Amino acid sequence: MPDIKVTPLGKRFVDEELEIKAYYAGHVLGAAMFQIKVGSESVVYTGDYNMTPDRHLGAAWIDKCRPDLLISESTYATTIRDSKRCRERDFLKKVHETVERGGKVLIPVFALGRAQELCILLETFWERMNLKAPIYFSTGLTEKANHYYKLFITWTNQKIRKTFVQRNMFEFKHIKAFDRSYADNPGPMVVFATPGMLHAGQSLQIFKKWAGNEKNMLIMPGYCVQGTVGHKILNGQKKLEMEGRATLDVKLQVEYMSFSAHADAKGIMQLIRMAEPRNMLLVHGEAKKMEFLKDKIEQEFSISCYMPANGETTTIVTNPSVPVDISLNLLKREMALGGPLPDAKRPRTMHGTLIMKDNSLRLVSPEQALKELGLSEHQLRFTCRVQLHDPHSDTDTLGRIYTHLKSVLKSYSIQHVPDGTVIVESIVIKVTSSAEEPNLKVILLSWSYQDEELGSFLSTLLKNGLPS
């Protein structure tokens, strides 16, 4: 038997090898997006999602998780929908006008999602307007879906959860289960029938019966795949060839009003802004429209965007980031040396000792590392020889070096020690010469690894000679 784990939305499930986190997707009841993380690399897979809250569900949401790859649906890659309130007003107006003149309204829907959204919309409108024309929904799947909405009310939006105690919005007063014999009843009615693309089933059967009457209306609230009856009708086809080569004349009025629970182009861009992925991959869309969106994403976010065909493999190169904690003492020391404040968008080099403990990394000062690990410090020094022509004695040359360094390194402590050395921080400077060539001075510089940059600077400075 497989080991099944249940994880709440927004909580991270951690296994030995991977982490999984679910996010609310807002598409239908129970829809979720998933972030899957293995090591330091992660992928977010959206599935279907909706960035616009509606009458029964909230909007999709994700945190700034910065995945290596965001895989997003692109059903409406080039569509930007108008105001939802305007669409609802137009929808109610069309339905109301049709039933007022005695016509029938067919609304093909999928069992889960839009059916419930539009049922709530019509239920509220019928109650307000005190309308008597019957509203039906397909028995079977939609009826079962409504049952689950009642059970999982916590997945719905805040408004429905608040009013749940007084009234469950999914217990409809004006909407009843449909029987296929009702299709032949005289007078106005509204029917929600599955499936949503008119390619088979009850919605197609009802459409065949009502298509020849111009008083009737078909409202398509969602996406239709090319080749389906729904797609043909939306493209203005007035004669349809049905099974057995029979021709169906389409006389009823046809309206397309997108109540789809898929994100539009604006919603997809919004999700990218929220998640800040390093790479993007588009699926579930039409090639030409996906190409347009791909170009827009690459232009606006300066990230690579892919749109592989079914069965095609895409390889994405990642630059894994390894999180490292930095000790406060090390940060204070860096800032005391004049370094800028930490900024994720402006990387900078930091020197320290990297300690790995309990699968986590910390950057600390060498002194702190020695103390924590119980180690004694080894002294590692760098030595450099610089030759210099100077007619003065060794002692005078050293004095001139001291004066020169005092004028150049004003913020450093410089000492001229009686034993014949000049000391700058950990750097020791000595001057020697041979009896054969007293004017050829050999300047000996020695420094510890902490002062490597300063030691390199001084050796270059002295190679350029001393001022006259």
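Analyst: Start with burial: a residue is buried under 20% relative accessible area, exposed over 50%, and partly exposed in between (1.4 Å probe, protein chains only). Val-324 is partly exposed because its relative accessible area is 33%. This is a predicted model, in which local features need pLDDT of at least 70, side-chain atom pairs count only at pLDDT 80 or more, and totals for chains, interfaces and linings use all residues. Residues are numbered from 1 along each chain as its sequence is written, and side-chain values use heavy atoms, without hydrogens and water.

User: Which residues make a nonpolar surface patch of about 330 Å²?

Analyst: Like charges are joined within 9 Å, and nonpolar side chains (Val, Leu, Ile, Met, Phe, Trp, Tyr) within 5 Å. Areas follow the Shrake-Rupley method with a 1.4 Å probe, and for residues only the protein chains shown count as cover. Here the patch consists of Val-322, Val-324, Ile-326 and Leu-354. Val-324 belongs to strand 16 (residues 324-326); strands (E, at least two residues) and helices (H or I, at least four) are DSSP runs numbered from the N terminus.

User: What is found on the two faces of strand 9?

Analyst: In a regular strand, side chains alternate between the two faces of the sheet. In strand 9 (residues 189-193), five of five residues are buried. Met-189, Val-191 and Ala-193 lie on one side, with Val-190 and Phe-192 on the other.

User: Which strands pair with strand 9?

Analyst: Two strands pair if DSSP finds at least two bridges between them. Strand 6 (residues 104-108) runs parallel to strand 9, joined by five bridges, and Val-105 has Val-190 as its bridge partner. Strand 7 (residues 135-137) is also parallel to strand 9, over three bridges; there Phe-137 partners Phe-192.

User: What is the strand order of the open sheet?

Analyst: Its six strands follow the order 8-7-9-6-10-13, with parallel pairing. Strand 8 (175-177) and strand 13 (253-256) are the edges, each pairing on one side only. From one strand to the next, the twist averages 20 degrees. Axes are lines fitted to C-alpha atoms, for helices over the stretch in contact (heavy atoms within 4.5 Å), and angles run from 0 to 180 degrees between N-to-C directions. Helix 2 (residues 114-129) packs on this sheet, touching strands 6, 7, 8 and 9, and its direction makes about 165 degrees with that of strand 9.

Conventions: Patch = residues over 30% accessible without salt bridge, like charges linked within 9 Å, V, L, I, M, F, W, Y side chains within 5 Å. Salt bridge = Lys/Arg side-chain N within 4 Å of Asp/Glu carboxyl O.
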